[in-house]
Amino acid sequence: MDRDQLTHHIQDAMTAKGLTYARVAEAAGLSPVVTTAALLGQMALPADAADRVADLLDLPEAAAGLACIPSRGSLGMAVPTDPLMYRFYEIVQVYGTTLKALIEEEFGDGIMSAIDFDMAISRQPDPKGDRVKVEMTGKFLPYKKS
(Lines give C-alpha, C1' and ligand atoms only; values in the text may rest on other atoms or scores of the structure.)
Protein backbone atom coordinates (compact mmCIF):
# COMPACT_ATOMS: atom_id res chain seq x y z
CA MET A 1 0.00 0.00 0.00
CA ASP A 2 1.48 3.40 -0.93
CA ARG A 3 1.51 6.32 1.49
CA ASP A 4 -1.46 8.12 -0.11
CA GLN A 5 -3.58 4.97 0.17
CA LEU A 6 -2.51 4.53 3.79
CA THR A 7 -3.51 8.11 4.56
CA HIS A 8 -6.98 7.48 3.10
CA HIS A 9 -7.35 4.24 5.12
CA ILE A 10 -6.32 6.11 8.29
CA GLN A 11 -8.81 8.91 7.62
CA ASP A 12 -11.58 6.36 6.97
CA ALA A 13 -10.76 4.49 10.20
CA MET A 14 -10.73 7.71 12.22
CA THR A 15 -14.09 8.74 10.80
CA ALA A 16 -15.62 5.30 11.41
CA LYS A 17 -14.41 5.30 15.02
CA GLY A 18 -15.19 8.99 15.67
CA LEU A 19 -11.56 9.69 16.57
CA THR A 20 -9.97 13.12 16.68
CA TYR A 21 -6.34 13.90 15.94
CA ALA A 22 -5.96 14.84 19.62
CA ARG A 23 -7.19 11.40 20.72
CA VAL A 24 -4.86 9.59 18.31
CA ALA A 25 -1.97 11.78 19.52
CA GLU A 26 -2.80 10.81 23.10
CA ALA A 27 -2.60 7.12 22.15
CA ALA A 28 0.67 7.74 20.29
CA GLY A 29 2.12 9.57 23.28
CA LEU A 30 3.22 12.42 21.02
CA SER A 31 2.12 15.98 20.29
CA PRO A 32 -0.97 16.53 18.16
CA VAL A 33 1.14 18.37 15.57
CA VAL A 34 3.67 15.55 15.08
CA THR A 35 0.99 12.85 15.17
CA THR A 36 -1.29 14.63 12.71
CA ALA A 37 1.63 15.26 10.34
CA ALA A 38 2.42 11.54 10.48
CA LEU A 39 -1.19 10.52 9.92
CA LEU A 40 -1.24 12.79 6.86
CA GLY A 41 2.00 11.31 5.50
CA GLN A 42 4.47 14.08 6.32
CA MET A 43 6.32 12.64 9.34
CA ALA A 44 7.41 9.24 10.63
CA LEU A 45 6.32 7.94 14.01
CA PRO A 46 8.63 5.99 16.30
CA ALA A 47 7.84 2.27 15.90
CA ASP A 48 6.19 1.95 19.33
CA ALA A 49 3.94 4.95 18.68
CA ALA A 50 3.08 3.62 15.20
CA ASP A 51 2.06 0.31 16.80
CA ARG A 52 -0.19 2.07 19.33
CA VAL A 53 -1.85 4.13 16.60
CA ALA A 54 -2.35 1.08 14.37
CA ASP A 55 -3.94 -0.74 17.32
CA LEU A 56 -6.26 2.18 18.07
CA LEU A 57 -7.33 2.36 14.42
CA ASP A 58 -7.62 -1.45 14.05
CA LEU A 59 -5.27 -1.15 11.06
CA PRO A 60 -2.33 -3.48 11.78
CA GLU A 61 -0.99 -2.80 8.27
CA ALA A 62 -0.64 0.91 9.15
CA ALA A 63 2.16 0.45 11.70
CA ALA A 64 4.96 -0.11 9.18
CA GLY A 65 3.82 2.76 6.96
CA LEU A 66 3.51 5.18 9.85
CA ALA A 67 7.06 4.37 10.94
CA CYS A 68 8.57 4.83 7.44
CA ILE A 69 10.41 8.02 6.54
CA PRO A 70 8.08 9.92 4.19
CA SER A 71 8.64 12.13 1.19
CA ARG A 72 7.91 15.40 2.99
CA GLY A 73 6.32 18.39 1.34
CA SER A 74 4.63 16.16 -1.20
CA LEU A 75 1.34 18.00 -1.52
CA GLY A 76 1.42 17.81 -5.31
CA MET A 77 0.81 21.50 -6.02
CA ALA A 78 2.94 24.62 -6.22
CA VAL A 79 0.37 26.94 -4.64
CA PRO A 80 -2.18 25.33 -2.33
CA THR A 81 -5.76 25.80 -3.46
CA ASP A 82 -7.42 24.84 -0.17
CA PRO A 83 -8.49 28.20 1.34
CA LEU A 84 -7.02 27.52 4.80
CA MET A 85 -3.69 26.28 3.43
CA TYR A 86 -3.61 29.16 0.96
CA ARG A 87 -3.85 31.67 3.84
CA PHE A 88 -0.57 30.33 5.23
CA TYR A 89 0.95 30.65 1.77
CA GLU A 90 -0.45 34.20 1.61
CA ILE A 91 1.08 35.00 5.02
CA VAL A 92 4.49 33.99 3.70
CA GLN A 93 3.89 35.98 0.49
CA VAL A 94 2.99 39.13 2.43
CA TYR A 95 5.12 38.78 5.57
CA GLY A 96 7.93 36.47 4.41
CA THR A 97 10.37 39.30 3.79
CA THR A 98 9.44 40.83 7.15
CA LEU A 99 10.01 37.53 8.97
CA LYS A 100 13.34 37.09 7.18
CA ALA A 101 14.49 40.64 7.97
CA LEU A 102 13.52 40.45 11.65
CA ILE A 103 15.02 36.99 12.18
CA GLU A 104 18.27 38.05 10.50
CA GLU A 105 18.35 41.27 12.53
CA GLU A 106 18.00 39.30 15.76
CA PHE A 107 20.07 36.18 14.93
CA GLY A 108 22.27 37.01 11.94
CA ASP A 109 22.69 35.29 8.59
CA GLY A 110 20.96 31.91 8.73
CA ILE A 111 17.65 30.08 8.79
CA MET A 112 15.07 28.74 11.20
CA SER A 113 15.12 24.96 11.19
CA ALA A 114 12.02 23.06 10.13
CA ILE A 115 13.68 19.88 11.43
CA ASP A 116 14.50 20.97 14.99
CA PHE A 117 11.05 22.55 15.16
CA ASP A 118 8.01 22.75 17.44
CA MET A 119 4.53 23.99 16.68
CA ALA A 120 1.37 24.34 18.74
CA ILE A 121 -2.13 25.35 17.66
CA SER A 122 -4.71 26.61 20.10
CA ARG A 123 -7.96 28.56 20.33
CA GLN A 124 -7.75 32.09 21.68
CA PRO A 125 -11.18 33.35 22.82
CA ASP A 126 -12.09 36.79 21.52
CA PRO A 127 -15.40 38.66 21.88
CA LYS A 128 -15.33 39.43 18.13
CA GLY A 129 -14.84 35.74 17.24
CA ASP A 130 -12.34 33.16 18.42
CA ARG A 131 -8.84 33.42 16.98
CA VAL A 132 -6.45 30.73 15.81
CA LYS A 133 -3.12 30.89 17.63
CA VAL A 134 -0.17 29.25 15.89
CA GLU A 135 3.13 29.15 17.74
CA MET A 136 6.29 27.96 16.00
CA THR A 137 9.83 27.61 17.29
CA GLY A 138 12.77 26.40 15.30
CA LYS A 139 16.46 26.16 16.06
CA PHE A 140 18.47 28.93 14.43
CA LEU A 141 21.03 27.56 12.00
CA PRO A 142 23.70 30.08 10.94
CA TYR A 143 25.25 29.80 7.49
CA LYS A 144 28.85 28.60 7.59
CA LYS A 145 31.42 31.19 6.60
CA SER A 146 34.32 28.84 5.93
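Here is a friendly conversation about a predicted model and some of its helices and strands.

Biologist: What does helix α1 reach from its first C-alpha to its last?
Modeller: Helix α1 covers residues 3-17, which gives it 15 residues. At 1.5 Å a residue, a span of 21 Å is expected. The model comes close to that, with α1 reaching 21 Å.

Biologist: Which residues of α1 are buried, and why are they on the same side?
Modeller: The buried residues of α1 are Leu6, Thr7, Ile10, Ala13 and Met14. They lie on the same side of α1 because they cover an arc of only 130° around the axis.

Biologist: What is found at the start of α1 and just after it?
Modeller: At the start, a side-chain oxygen of Asp2 comes to within 3.1 Å of the backbone nitrogen of Asp4. Just after α1 comes Gly18, with a positive phi of about 70°.

Biologist: Is Leu6 buried or exposed?
Modeller: Leu6 sits in helix α1. Beyond its neighbours within four places in sequence, Leu6 contacts Met1, Ala62, Gly65 and Leu66. Its relative accessible area is 4%, and the cut-off for buried is under 20%. So Leu6 is buried.

Biologist: Which residues of α2 are buried, and what covers them?
Modeller: In α2, the buried residues are Val24, Ala25, Ala27 and Ala28. They cover an arc of only 160° around the axis, so they are on the same side of α2. After α2 comes Gly29, with a positive phi near 80°. What covers the buried residues of α2 includes α1, α3 and α4.

Biologist: What is the relative accessible area of Thr35, and which residues does Thr35 touch?
Modeller: Thr35 belongs to helix α3, and a polar atom of its side chain lies 2.9 Å from the backbone oxygen of Ser31. Not counting residues up to four places away in sequence, Thr35 touches Val24, Ala25, Ala28, Leu30 and Leu45. Thr35 is buried, with a relative accessible area of 0%.

Biologist: How many bridges join β1 to β2?
Modeller: Strand β1 (residues 110-124) and strand β2 (residues 131-142) run antiparallel. They form a hairpin with 6 residues between them, and Gly129 in the turn has a positive phi of about 130°. The number of bridges joining the two strands is 11.

Biologist: Which residue in β2 stands opposite Ile121, and how far apart in space are Ile121 and Leu6?
Modeller: Opposite Ile121 stands Val134 in β2. Along the sequence, Leu6 and Ile121 are 115 residues apart. In space, C-alpha to C-alpha, Leu6 and Ile121 are separated by 25 Å.

Definitions and conventions
Residues numbered from 1 in each chain as written. Heavy atoms only, no water. Helix = DSSP H or I, 4+ residues; strand = E, 2+ residues; numbered from the N terminus. Expected span 1.5 Å × (residues − 1). Buried < 20%, exposed > 50% of the residue type's maximum accessible area, 1.4 Å probe, protein only. Arc of directions from axis to C-beta. Polar contact = N/O pair within 3.5 Å; in protein donor to acceptor, adjacent residues only side chain to side chain. Pairing = 2+ DSSP bridges. Contact = heavy atoms within 4.5 Å.
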